[in-house]
Amino acid sequence: MNILITGVAGFIGFNLAQDLLNKKNKIYGIDNFDDYYSVNLKKKRVNILKKKKNFIFSKIDFTNQNNVNNYFKKKNFDCVFHLGAQAGVRYSLINPKKYFDTNIIGFSNIIQNCIKRKIKKVFYASSSSVYGDLKTFPLSENLKLNPKNIYSMSKKINEQIALIVSNSFHLNLIGLRFFTVYGPWGRPDMFLMKFLNSIYNKKNFYLFNKGNHTRDFTYIDDVILIMNNLLKKKLKGHHIFNICSNRPIHLSKIISCIKKYTGSQPRIIEKKFQKADVLKTHGNNKKVKKIVNFRNFTTIELGIKKTVHWYKQNKIWKY
Ligand SMILES: NC(=O)c1ccc[n+]([C@@H]2O[C@H](COP(=O)([O-])OP(=O)(O)OC[C@H]3O[C@@H](n4cnc5c(N)ncnc54)[C@H](O)[C@@H]3O)[C@@H](O)[C@H]2O)c1
């Protein structure tokens, strides 16, 4: 298959591209090497992908409509994974414009081209954060959404656009609500990687709300397996799936697990609760499990063990 992955230099895009390249698909990847976090890390990921002959990379900013239109003109994609975005909840308090531009205008540029080119299957990244601080755990896809910040609002808008586009233009669109994805090549702005970087760079670690947060940590290999499975399924119309392990973990458990595999911890500086944060995420994954052939989610112990091993082997603190 000819597959476009946007945000291919990012954490999930890179891991997905690696997997689909090994399955002999032709992967077209785009990214603008945005500097929200280490550009070196993003370039390192893309350089790994470039070693494969069936990978074609283009540096493109998808907020520029002309660039996106020209890019799509010359290609014939069977499927698109739109994973590029301005991620991160806390940064949306600092730079809201970036979220409007990247996640709403950028999303619409990609989707308009999917309509024009009649792409058979379009996956796009949503987020667990669309639920906000709803307390009806585990959170199911059919709940009324309650976004608390600009980031999650942008994802909710994406879902609304996708629903209308699917109905109006008979496009098959699949929204993936990711819940705290972690693992090798993970994002340095997220808890686990930030904690590891603080240990190995001997920097302070800022712990919000005394670490009193619970997250449905979901290991990257499980996420990629599920995405692969969904790619093979016939899905008509618009669908939304929670992509989560259904195993909420308190951050104190994550900290003790990291200590176990690194033998150390950074100096922790306590900070008060951040208003963009939610206290707990815990998703219901029955819907996706019904469709895909996947049952055994990686345990947090094994996931952290593998991540720490990868982190040390690749000396990631240097990026
Ligand atoms: N990782 C998670 O736990 C998680 C959780 C919920 C939702 N998500 C969503 O999943 C998707 C992938 O997340 P990720 O963790 O891989 O994030 P990431 O930040 O690692 O990857 C996003 C990529 O998009 C690229 N990008 C940003 N703006 C762009 C633009 N204008 N043009 C081209 N490329 C651009 C960035 O350079 C980056 O490489 C995002 O939409 C994110 O919001 C992720």
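Modeller: I'll start with helix 2, residues 39-50, in what is a predicted model. At 1.5 Å a residue, its twelve residues should span 16 Å, and the end C-alpha atoms are 16 Å apart, which agrees.

Biologist: Which residues of helix 2 are buried?

Modeller: Leu 41, Lys 42, Arg 45 and Leu 49 are buried. Looking down the axis of helix 2, the buried residues fall within an arc of 100 degrees, so they line one face of the helix.

Biologist: And which are exposed on the other side of helix 2?

Modeller: Asn 40 and Asn 47 are exposed there.

Biologist: What covers the buried residues of helix 2?

Modeller: The cover includes helix 1, strand 2 and strand 3 (55-59).

Biologist: New topic. Which residues come nearest to the ligand?

Modeller: Gly 7, Gly 10, Gly 84, Ala 85 and Ala 125 do, out of 29 residues around the ligand. Helix 1 (11-22), strand 2 (26-31), helix 4 (96-116) and strand 5 (121-127) each give two or more residues to that shell. The largest share, three residues, comes from helix 1.

Biologist: Now helix 6. What is buried there?

Modeller: Helix 6 covers residues 191-200, and its buried residues are Phe 191, Leu 192, Met 193, Phe 195, Leu 196 and Ile 199. They pack against strand 7 (181-182), strand 8 (205-208), helix 8 (251-262) and helix 10 (300-313).

Biologist: What follows helix 6?

Modeller: Lys 202 follows helix 6, with a positive phi near 50 degrees.

Notes:
Residues numbered from 1 in each chain as written. Predicted model: local features only at pLDDT ≥ 70, side-chain atom pairs only at ≥ 80, totals over all residues. Near = placed C-beta within 6 Å. Helix = DSSP H or I, 4+ residues; strand = E, 2+ residues; numbered from the N terminus. Buried ≥ 20, exposed ≤ 12 C-beta atoms within 10 Å, placed from the backbone. Contact = placed C-beta atoms within 7 Å. Expected span 1.5 Å × (residues − 1). Arc of directions from axis to C-beta.
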